[in-house]
Protein chains: 2
Amino acid sequence: MEYPSRTIEAAVEAFAKLPSIGRKSALRLVLHLLKAQPEDAHRLAQAIVALKEDTRRCEVCHNIAEERLCGVCLNTRRNPNLICVVEDIRDLLAIERTGHYTGTYHVLEGLISPLDGIGPGQLNVESLLRRLAAAPASEVILALNARMEGETTAFYLARKIGAELPQIKISSLARGVSVGGELEYADELTLSRSLLHRVPYASFQNPNNGMG
Amino acid sequence: MEYPSRTIEAAVEAFAKLPSIGRKSALRLVLHLLKAQPEDAHRLAQAIVALKEDTRRCEVCHNIAEERLCGVCLNTRRNPNLICVVEDIRDLLAIERTGHYTGTYHVLEGLISPLDGIGPGQLNVESLLRRLAAAPASEVILALNARMEGETTAFYLARKIGAELPQIKISSLARGVSVGGELEYADELTLSRSLLHRVPYASFQNPNNGMG
């Protein structure tokens, strides 16, 4: 007998399927819930069900939404002419947390990865091109990671958008030494990119390019 | 906007109430569930509800059970004359995992802690005394922690049982250097107890005192 009941075992198995939760942590969570107020346990269960039943993808940008459009697309104070392309919701949230981006998003829900058999067809690329064709944005920011998949996806999107809608400005995130980072601890690739893409000193004082 | 929808926010809040899960881990779990198969999410939600609705405490030993009695008490191969008193289910599971204990348990669901206002009345002490009076066990093992609360509880139980049922043997867990532990890294208290309660060398070869 590893667990005192099948109910406990089922709950441990279910929790242990979550990322970074092993069977030991799962058991700790289960024992906590056994002692917790029934309302708290039911609230958690309901919240999990609601995640699957009450959320959907924004019809424009594929962000999580509760209605047809997400909070960003519904917000009339956001600039629809500036579209930031991100891999997933996590990256969107990271940019939102800066509190400085006032444009809109397009969530790809993945990156092109030939090794994993993921091509543009499995991502929200078609909807981005349709969106741009219907209402050409002034700028598309490719905020993708600097690894193989991110670079491949950025290259593909830049070429595709450039061919169909050459008037749209395409940019990507600046790479460089982190603010507050020590030069000596930066990796060589980051430091060399940071030198290559050095910016006029004054631009730090007036960073008024689409940021609020 | 910290979260893209109220559904996400509610789920993050609910997960962040669990022990050792902060808001960042909670968000990671929520984003995982958004992508997961609906069956997996529903299985987790159902398991949580079942924890509250399908489990109860064993009427004899207060272990988690699905029926009137728990798996240990129902098991006719367990020795009911040997009762191991533990603080909570976690300790019971730790002892079960050794695979060497063949007696039964009594789960106190806490320890006496005057500082926290917890007295014997809030614990399953009365039911232990009733259980022993109805069917006197040959031995009660007090497997409680060696901190203030554990020692206080052990002292209280030993005196209470000794007064009412003096024929019952009362023992407690051996304290000492862990098996495989280096002497030089053991704390002084553990090492001195280990010396004080030294055992005849032969007893290691024949540890047949209630263990299977």
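Predicted model: local features only at pLDDT ≥ 70, side-chain atom pairs only at ≥ 80, totals over all residues.
Biologist: Which rotation superposes chain B on chain A?

Modeller: A rotation of 180° does it, with 0.0 Å of shift along its axis and an RMSD of 0.0 Å. The two copies are thus related as by a two-fold rotation axis. In chain B, the C-alpha nearest that axis belongs to Ala45(B), 2.2 Å away from it. Residues are numbered from 1 along each chain as its sequence is written, chains are lettered from A and ligands numbered from 1 in the order in which they are written, and side-chain values use heavy atoms, with hydrogens and water left out.

Biologist: Through which surface do the copies meet?

Modeller: Of the interface residues of chain B, 100% are also interface residues in chain A, so the copies meet through the same surface.

Biologist: Now the sheet. What is the order of the strands in the open sheet of chain A?

Modeller: Strands of a sheet pair through backbone hydrogen bonds, either parallel or antiparallel. Here the order is β4-β3-β5-β6 in chain A, four strands with parallel pairing. The edges are β4 (103-107) and β6 (169-172) of chain A; each has a single partner strand, so one side of each lacks a neighbour in the sheet. From one strand to the next, the twist averages 25°. Two strands count as paired if DSSP finds at least two bridges between them. Strands (E, at least two residues) and helices (H or I, at least four) are DSSP runs, numbered from the N terminus.

Biologist: Over how many bridges do β3 and β5 of chain A pair?

Modeller: Strand β3 (residues 79-86) and strand β5 (residues 139-142) of chain A pair in the parallel sense over four bridges. Within this pairing, Ile83(A) is opposite Val140(A), and Val85(A) is opposite Leu142(A).

Biologist: Over how many bridges do β3(A) and β4(A) pair?

Modeller: β3(A) and β4(A) pair over five bridges, in the parallel sense. The bridge partner of Asn79(A) in β4(A) is Gly103(A). Between the two strands the chain passes through α5(A), and this β-α-β crossover is right-handed. To read the hand, point the strands away from the viewer: the crossover is right-handed if the path from the first strand over the helix to the second runs clockwise.

Biologist: In chain B, which are the edge strands of the sheet?

Modeller: The sheet of chain B is open, with four strands in the order β4-β3-β5-β6 and parallel pairing. Its edge strands are β4 and β6 (169-172) of chain B, each pairing on one side only. Neighbouring strands are turned by 25° against each other on average, direction ignored. Helix α5(B) packs on this sheet, touching β3 and β4 of chain B, with its direction at about 165° to that of β4(B). Helix α7 (residues 148-164) of chain B also packs on the sheet, touching β3, β5 (139-142) and β6 of chain B, and its direction makes about 165° with that of β5(B). Such angles run from 0 to 180 degrees between N-to-C directions, the axes being lines fitted to C-alpha atoms, for helices over the stretch in contact. Touching, or contact, means heavy atoms within 4.5 Å.

Biologist: How many residues of strand β4 of chain B are buried?

Modeller: Buried means under 20% relative accessible area, exposed over 50%, and partly exposed in between (1.4 Å probe, protein chains only). In strand β4 (residues 103-107) of chain B, five of the five residues are buried, so the strand is largely enclosed by the rest of the structure. Thr104(B) lies in this strand, and its relative accessible area is 4%. Leaving out residues up to four places away in sequence, Thr104(B) touches several residues, including Val72(B), Pro80(B), Leu82(B) and Arg131(B). Elsewhere in β4(B), Tyr105(B) is the bridge partner of Cys84(B).

Biologist: Which residues of α2(A) are buried?

Modeller: They are Ala26(A), Leu27(A), Leu29(A), Val30(A), Leu31(A), Leu33(A) and Leu34(A). Their cover includes α1 (6-16) and α3 (38-53) of chain A, together with α3 (38-53), β2 (64-65) and α5 of chain B.

Terms used. Least-squares fit on C-alpha atoms with pLDDT ≥ 70 in both.
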